[in-house]
Amino acid sequence: MKIGILGTGHIGKTLVATLSAAGHEVKVANSRGPETIGPDVLAQGGRAVTAADAVLDVDIAIVSVPLNRLPDIAPLIGRSASSTVVIDTSNYYPQRDGRIDALEDGRTESLWVADQLGRPVVKAWNAIGSDSFAKKGKPAGSPDRIAIPVAADDERDRKIALTLVEDTGFDGVDAGVLAESWRQQPGTPCYCTDLSRQEMPGALAAADPARSPKRRDLAFEAVLERMSGSGARDPGADYLVRLNRALFL
């Protein structure tokens, strides 16, 4: 498929590598220009382009940017073809994104993103830590393969995203419609806990909308404290999974 990716953060970089390696035609852009995208990001065959070009003539547009960048992204998505499937990988962290009143009042993140972009979206690759995503992908059928939930209102769009998740080395799990995608937001049992396909449905069902924001904020503060003490830029997959399992499950 023809895929355009907006964002070269940790998730975006791994998407470029894994989807390119799976045989897809991948374009990628960031906010600073194609000349700033390093060869490591493009090593598997991705092509650096401008943000405007990334979402033109593609089957899939993947938005992998912080929520506070959506006002810049919305006009670009508006110029993409109506048939283009838009996939959102973002998560709301008020400490990073600033307070968003609609989300604080309980609006589901993906529905809010769809409102901002003016397009239906698919929610995928948001519920796995960047280090796990980069290092723990496995071939289909592996007994210890990690699962990633996928939510969308359009069944065809959801199936396409599930297939792409499989292409990146993880088991795609159908998480239903966007109205239920709060079950894969930060602080919920399935969020960055590296669960299997068998464990994922139970984790989605156990999500608690009242408690998950509190758990999200506890985890965020714990990560900040660890990083400030160690000087590390990334706490690592093992620590994050242990922390999230202790707080969210």
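Visitor: Which residues of helix α11 are buried, and what makes a residue count as buried?
Guide: In α11, the buried residues are Ala 237, Tyr 239, Val 241, Leu 243, Asn 244 and Phe 248. A residue is called buried when its relative accessible area is under 20%, exposed when it is over 50%, and partly exposed in between, with a 1.4 Å probe and protein chains only. The model is a predicted one, in which local features need pLDDT of at least 70 and side-chain atom pairs count only at pLDDT 80 or more, while totals for chains, interfaces and linings use all residues. Residues are numbered from 1 along each chain as its sequence is written, and side-chain values use heavy atoms, with hydrogens and water left out.

Visitor: Why is α11 called a helix, and how do you know that its span agrees with its number of residues?
Guide: Helices are DSSP runs of H or I with at least four residues, strands are runs of E with at least two, and both are numbered from the N terminus.

Visitor: Is Asp 57 buried or exposed, and how do you know?
Guide: Asp 57 has 61% relative accessibility, so it counts as exposed. The residue is found in the loop between α2 (51–54) and β4 (60–63).

Visitor: What makes Arg 211 count as it does in terms of accessibility?
Guide: The relative accessibility of Arg 211 is 47%, so the residue is called partly exposed. Arg 211 lies in the loop between α9 (200–205) and α10. Its C-alpha atom is 7.7 Å from that of Gly 187, although 24 residues separate the two along the chain.

Visitor: How do you know that β1 and β2 pair, and how do these strands run?
Guide: Two strands pair if DSSP finds at least two bridges between them. There are 5 bridges between β1 (residues 2–6) and β2 (residues 25–29), so these strands pair, and they run parallel. One of the bridges links Leu 6 with Ala 29 in β2. Helix α1 (residues 10–21) packs on the sheet and touches β1, β2 and β4, its direction making about 165° with that of β1. Such angles run from 0 to 180 degrees between N-to-C directions, the axes being lines fitted to C-alpha atoms, for helices over the stretch in contact.

Visitor: What is the strand order of the sheet, and which strands are called edge strands?
Guide: The open sheet has 8 strands in the order β3-β2-β1-β4-β5-β6-β7-β8, with mixed pairing. The edge strands are β3 (47–48) and β8 (171–174), each of which pairs on one side only. Within the sheet, β4 is joined by 4 bridges to β1, in parallel, and by 4 bridges to β5, also in parallel.

Visitor: How do you know that both faces of β4 are covered?
Guide: In a regular strand the side chains alternate between the two faces of the sheet. In β4, Ile 60 and Ile 62 on one side and Ala 61 and Val 63 on the other are all buried.

Visitor: Which residues does Val 16 contact, and what makes them contacts?
Guide: Contact means heavy atoms within 4.5 Å. Leaving aside neighbours within four places in sequence, Val 16 is in contact with Ile 5, Val 26, Val 28, Val 41 and Gly 46. Val 16 is in helix α1, and at 0% relative accessibility it counts as buried.

Visitor: Which residues lie nearest the centre of the largest pocket?
Guide: These are His 10, Ile 11, Tyr 93, Arg 96 and Ser 130, out of 43 lining residues. On a 1 Å grid over the protein atoms alone, a pocket is an open set of points with protein on both sides within 12 Å along at least five of seven lines, whereas a cavity is a set where a 1.4 Å probe fits but cannot get out; lining residues have an atom within 4 Å of a point. The largest share of this lining, 5 residues, comes from α10.
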